[in-house]
Amino acid sequence: MRAFWDNLRLALGTFLGNPLRSLLTLVGIVIGVATVITMMALIEGLSIKVNRDLGGLGAHTFEVTKWPSGFGRFNWAKYAKRKDLRMEEVRAIQEGCPSVLAATPMDDQGGQKVATSARETRPSVRVVGTEPSYPLTSGVSVASGRFFNETEALDGRPVVVLGLDVADALFPGLDPLGYEVRIQGRPFLVIGVLQKRGSFMGMMSLDNQVSLPMKVFQQLYGKNRSLDIDIQARDGQVFQKAQDEVTHLLRRRRDLTPRDANDFEIHTNESMTASFNQLSKVIALAGVGVCLLSLVVGGIGILNIMLVSVTERTREIGIRKALGAKRRRILGQFATEAILLSLIGGTLGVALGFGLTFLGQWVLLFPMQVPAWAVMLSLVMSCGVGLVFGIYPAARAAKLDPVEAMRSE
Amino acid sequence: MSEASGTRQSALIQVEQLTRVFFVGGEEVRALRGISFGVTRGEWVAIIGQSGSGKSTLMNVLGCLDTPTSGRYLLNGKDVSRMDDDDLAVIRNVEIGFIFQTFQLLPRETALANVELPLVYRGVPARERRERAKAALDKVQLTHRMHHRPNELSGGQRQRVAIARALVSEPSMLLADEPTGNLDSATGEEIVRLFEQLHKAGHTLVLVTHEPKLAARCPRAIRLSDGEVVADGPGREVALGTGAGVAAVTGGA
């Protein structure tokens with residue numbers, strides 16, 4: 001134990017005796033560790049965010065779509081041949097599935113401008129056509145005013161419910177209820193504002209949207225588009241049963257034989273979260289690979305500087321051995337030095353990683369959070385690198401002949 | 001040291017038929033060719049010889065920095081001629097205080113830290129180490145320079161630091177290799193005076209040198225030539241060639 005402290009003191013002395021050289025040696029490890037910390041922070045942040053955002057579907061709700069979501073490789077041509085999901089199928093689900101409480105059709109058009117006589121949004125607003133059950137199935141509530149009702153939906157009245165970003169952009173400091181806004185040149189009456197929902201994965205704001213009755217939406221943007229259908233089961237117990245009923249109904253309507261696969265997708269919060277988590281695992285694995293690579297590079301830096309250090313201090317080693325230092329003690333001294341060196345590198349890397357994370361969070365507004373295990377892993381790995389790459393120079397030092405060593409300059 | 005005077009008469013060093021053979025470029029070099037002598041506790045012995053006489057090789061063997069090819073070396077009752085690297089390190093630490101021609105101080109450490117070094121490898125706690133190192137520096141009158149690094153000290157001061165370092169672990173013998181070789185004559189004289197004091201205090205001193213004037217001041221000298229002992233007797237006689245230097249005399253003075 002006393003030997004350990006003596007070695008640590010010596011190692012620290014060496015580091016402080018030549019700080020610039022030591023720091024330059026450490027660049028590889030610092031960058032490697034910082035990269036890993038930042039990457040892991042991004043993945044962790046995204047995954048926390050996604051898990052929260054995807055929880056945005058209402059309680060025991062699932063979604064039926066034409067296109068698969070997720071992040072794998074898809075044969076897009078195959079999915080393009082699928083039949084679109086239409087209003088008739090929405091009606092059939094609403095009527096033919098006893099476990100279904102509500103089925104909400106949704107279609108959307110991005111990149112739209114919404115304007116008042118005085119102001120105009122950027123052309124980035126997502127216009128959603130839907131039905132009155134939308135707040136229920138997407139788990140969002142109305143902050144002020146109301147959502148449109150059955151009559152308005154059926155008649156296709158020009159009414160609109162604004163997302164918070166749109167309301168703020170067009171009516172700063174005002175209550176927008178009762179005002180008129182224009183979309184695609186047509187006037188709409190503002191009847192409600194949705195509650196704040198935040199953003200999806202921190203990149204796409206869910207508040208930068210407006211909701212219209214489906215009928216009006218289709219007048220603006222056309223009917224020949226496939227709908228997404230959000231379906232809420234009566235309660236949690238019939239959640240699976242509702243999915244089975246919907247699947248069965250759609251297969252029957254599309255004349256699928258038992259051998260055919262579904263020609264539509266069913267997503268639940270769980271399935272979407274799972275597909276994201278799968279992606280993040282792949283990224284994390286790639287990150288670990290990058291980390292290992294740069295740690296090896298960093299380790300070679302340590303190997304190099306330790307070999308130089310042993311050569312430079314041959315005489316010192318000779319003196320120490322003459323005065324009674326055993327091989328193991330010399331080995332320990334240089335191994336401690338290598339480990340301390342790489343641990344300092346690892347610590348600087350962690351600090352830099354936290355710095356970059358902070359920057360990413362507050363300047364680029366990415367959702368990032370450094371996971372504790374990444375810090376632990378980085379430090380342990382740095383120690384390991386120091387040990388692995390420091391042991392050879394240390395062994396070389398330990399084996400020196402004291403008489404020869406003391407003769408060197 | 002008072003405890004040393006109590007055991008004055010017992011043999012500290014006993015070497016018997018020491019040989020040391022090197023192989024340099026495939027050629028055999030016989031540096032020591034069967035050397036035998038003894039040194040008792042409290043003696044001050046000079047080992048003198050021209051360069052190439054084998055005195056450096058003998059110094060390395062006596063200092064347990066090297067092992068003989070054949071023969072026996074008993075140091076303080078222990079046969080050290082067949083020990084391995086780590087055991088020799090312990091013997092060097094406990095039994096021998098080295099004083100080198102080029103001082104061999106660690107340049108980045110203070111005088112005090114240099115003097116502490118043998119105690120570090122003996123596992124002495126830091127506080128005790130410090131106290132004993134200060135006491136050793138006091139013996140060579142250098143306490144006022146103890147926080148200076150070697151490059152801030154004069155040659156004579158550096159050698160005194162080295163002597164303090166040799167004394168600090170209270171070894172069985174002090175082994176000095178040309179201790180005045182890198183010093184001017186006045187400073188060298190200072191160091192020799194210090195050796196005289198240490199001898200009076202009961203320390204065992206072995207001094208390796210090529211200078212007859214220095215060897216002449218030792219009570220006993222052993223002359224080496226071509227790896228053999230050619231004279232062993234009172235320092236003045238052996239060193240200056242007066243009187244009858246007796247070849248290959250074994251045993252004490």
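Predicted model: local features only at pLDDT ≥ 70, side-chain atom pairs only at ≥ 80, totals over all residues.
Residues are numbered from 1 along each chain as its sequence is written, and chains are lettered from A and ligands numbered from 1 in the order in which they are written. Helices (H or I, at least four residues) and strands (E, at least two) are DSSP runs, numbered from the N terminus.

Within α9(A), Ala242(A), Val246(A) and Leu250(A) are buried, where a residue is buried if 20 or more other C-beta atoms lie within 10 Å of its own, exposed if 12 or fewer, and partly exposed in between, with C-beta atoms placed from the backbone. Seen down the axis of α9(A), the buried residues fall within an arc of 60°, so they line one face of the helix; the arc is that of the directions from the helix axis to the C-beta atoms. The face turned away from this buried side carries the exposed residues Asp244(A), His248(A) and Arg252(A). The buried residues of α9(A) pack against β1 (61–65), α4 (87–96), β2 (100–112) and β12 (228–233) of chain A. Just after the helix, Asp255(A) takes a positive phi of about 55° although this residue is not a glycine. Asp255(A) is placed in the loop between α9 and β13 (265–267) of chain A and, with 7 C-beta neighbours inside 10 Å, counts as exposed.

Chain A as a whole has 14 helices and 13 strands, and 42% of its 409 residues count as buried. Among contacts in chain A between residues at least 6 apart in sequence, 82% join residues at least 24 apart, two residues being in contact if their C-beta atoms, placed from the backbone, lie within 7 Å. In the loop between β4 (125–130) and α5 (134–137) of chain A lies Glu131(A), which is buried, with 24 other C-beta atoms within 10 Å. When neighbours within four places in sequence are left aside, Glu131(A) is in contact with Thr104(A), Pro105(A), Ala153(A) and Met214(A), and its C-alpha atom is separated by 9.0 Å from that of Lys215(A), 84 residues apart along the chain.

The largest nonpolar core has 123 residues, and those with the most contacts inside it are Ile37(A), Ala46(B), Leu137(B) and Ala164(B); such a core is a set of buried Ala, Val, Leu, Ile, Met, Phe, Trp, Tyr and Cys residues joined through C-beta atoms within 7 Å. Helix α2 (residues 19–53) of chain A contributes the largest share of this core, 13 residues. Leaving aside neighbours within four places in sequence, the contacts of Ile37(A) include Gly349(A), Val350(A), Phe354(A) and Val370(A). A second, separate core of 45 residues includes Phe62(A), Val190(A), Ile231(A) and Val246(A).

Between the chains, 17 residues of chain A are in contact with 20 residues of chain B. On the side of chain A that touches chain B, α1 (2–17), α11 (314–322), α12 (327–362) and α14 (402–407) each supply at least two residues.

The secondary structure of chain B comes to 9 helices and 10 strands, and of its 253 residues 47% count as buried. Four strands of chain B form an open sheet in the order β2-β1-β4-β5, with antiparallel pairing, two strands being paired if DSSP finds at least two bridges between them. β2 (27–40) and β5 (78–79) of chain B stand at the edges, each with a single partner strand, so one side of each is left without a neighbour in the sheet. Strand β4 (residues 70–75) of chain B pairs with β5(B) in the antiparallel sense over 2 bridges. Elsewhere in chain B, Phe103(B) has a positive phi of about 65° although it is not a glycine; Phe103(B) is found in the loop between β6 (96–99) and α4 (111–120) of chain B and is buried, with 22 other C-beta atoms within 10 Å.
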